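Here is a short briefing to read alongside the model. Please keep the viewer open as you go through the points.

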Amino acid sequence: QIWRDPNAPGMATATTRPTVLVIGKPKADAYMTIFRMANDGMLPYEEALLVEGQSRVDRYTVEDLKPFDAVVLYGYDYRNSGRAWGTLAEYVQQGGNLFVDTGWEFWIPEWEFGRAPDVLPVSRLTWTDYGMTSDYALGFPDAAGAVDVSKFKPLEWEGIAWTVSGAQPEDVRDWGQVVLSAAGRPLVVAGEYGQGRVVWSGMNLIAHARYLGQNDEEVQLLHNLLTWLTEPGRGPEIASPSMERTNPDRV
């Protein structure tokens with residue numbers, strides 16, 4: 001007998017879904033963390049493709065990054081700060097899109113900036129806390145989408161304040177718009193830089209969304225932000241490729 005799965009996928013598919021490069025250290029489990037959350041609703045496979053990159057940003061050139069609709073920095077690394085941020089700035093200026101979270105202390109090169117790189121929508125960052133607050137406010141609906149911030153977990157970790165790579169309202173650059181704030185201070189800021197888009201988070205939003213069980217509203221915010229970033233790269237639907245079997249062993 002020969003059995004055939006009637007629901008088996010085709011031997012090849014073609015898609016114009018956005019492709020997202022994840023730059024993060026393997027020992028931080030950065031890619032797998034994002035991969036798991038993506039499949040839990042943050043960025044499903046049906047909406048985008050995730051690609052695992054190497055850990056060091058300064059090993060990439062602009063030409064390396066151009067094929068990707070967006071780049072996600074999470075638990076990332078670099079040796080040359082100027083080269084890393086210069087490459088990212090040029091990539092975004094030419095139409096790339098960037099998500100970066102500076103809120104993971106000790107797992108990234110810099111979580112404080114006396115003067116932040118130009119590609120970030122905040123001018124400086126300080127490692128601090130905003131208190132154990134749940135006084136959240138949502139802004140910039142184009143990027144934030146529909147989210148109920150009253151269901152977010154407070155900025156708290158094991159009975160103490162959740163530390164952040166923080167900023168003051170006056171630190172937000174002219175081209176940045178506050179997406180999420182707590183106690184009046186920015187946590188997530190987004191904006192258009194050159195021909196591309198940038199989302200900055202200073203709170204390690206991915207970890208906060210997973211802490212003590214997944215928070216669906218925080219995951220939804222992440223989904224909305226990544227969708228806003230990848231939206232410019234969406235192309236038209238295309239038909240699946242056709243194949244011809246020229247002999248039993250070749251397609």
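D171 is buried, at a relative accessible area of 6% (buried means under 20% relative accessible area, exposed over 50% and partly exposed in between, with a 1.4 Å probe and protein chains only). This is a predicted model, in which local features need pLDDT of at least 70, side-chain atom pairs count only at pLDDT 80 or more, and totals for chains, interfaces and linings use all residues. Residues are numbered from 1 along each chain as its sequence is written, and side-chain values use heavy atoms, with hydrogens and water left out.

**Around D171**

- D171 sits in the loop between β9 (163-166) and β10 (176-182); helices (H or I, at least four residues) and strands (E, at least two) are DSSP runs numbered from the N terminus.
- Apart from neighbours within four places in sequence, D171 contacts P121, V122, S123 and R124, where contact means heavy atoms within 4.5 Å.

**Helix α1**

- Helix α1 (residues 30-42) spans only 14 Å between its end C-alpha atoms, whereas a straight helix of 13 residues would span 18 Å at 1.5 Å a residue; the expected span is 1.5 Å times one less than the number of residues.
- The buried residues of α1 are A30, Y31, T33, I34, M37, A38 and M42.
- These residues lie on the same side of α1 because they cover an arc of only 155 degrees around the axis, the arc being that of the directions from the helix axis to the C-beta atoms.
- Their cover includes β1 (19-23), β2 (49-52), β3 (70-73), α5 (205-210) and α6 (216-230).

**Helix α3 and W85**

- In helix α3 (residues 81-93), the end C-alpha atoms are 18 Å apart, which agrees with the 18 Å that 13 residues should span at 1.5 Å a residue.
- Buried in α3 are A84, W85, T87, L88, A89, Y91 and V92.
- Among the elements covering the buried residues of α3 are α2 (62-65), β3, β4 (97-101), β11 (185-193) and β12 (196-201).
- W85, found in helix α3, is buried with a relative accessible area of 6%.
- Not counting residues up to four places away in sequence, W85 touches L73, Y76, Y78, V100, E110, F113, P117, V119 and L120.
- W85 and L120 are 35 residues apart along the chain, and their C-alpha atoms are separated by 9.3 Å.

**Two phenylalanines with positive phi**

- Most residues other than glycine have a negative phi.
- F106 has a positive phi, near 75 degrees; its place is in the loop between β4 and β5 (126-129), and F106 counts as exposed at 63% relative accessibility.
- F140 also has a positive phi, of about 45 degrees; F140 lies in the loop between β6 (136-138) and α4 (141-144), and counts as buried at 12% relative accessibility.

**The largest pocket**

- The volume of the largest pocket is about 250 Å³; a volume is the space filled by probe spheres set on grid points, which are joined across faces, edges and corners.
- A pocket is an open set of points on a 1 Å grid over the protein atoms alone, where a 1.4 Å probe fits, with protein on both sides within 12 Å along at least five of seven lines; lining residues have an atom within 4 Å of a point.
- The lining consists of G103, W104, E105, W127, W157, I160, A161, W162, T163, N204 and A207.
- Seven of the lining residues are nonpolar, three polar and one charged (Ala, Val, Leu, Ile, Met, Phe, Trp, Tyr, Cys and Pro count as nonpolar, Asp, Glu, Lys and Arg as charged, and the others, Gly among them, as polar).
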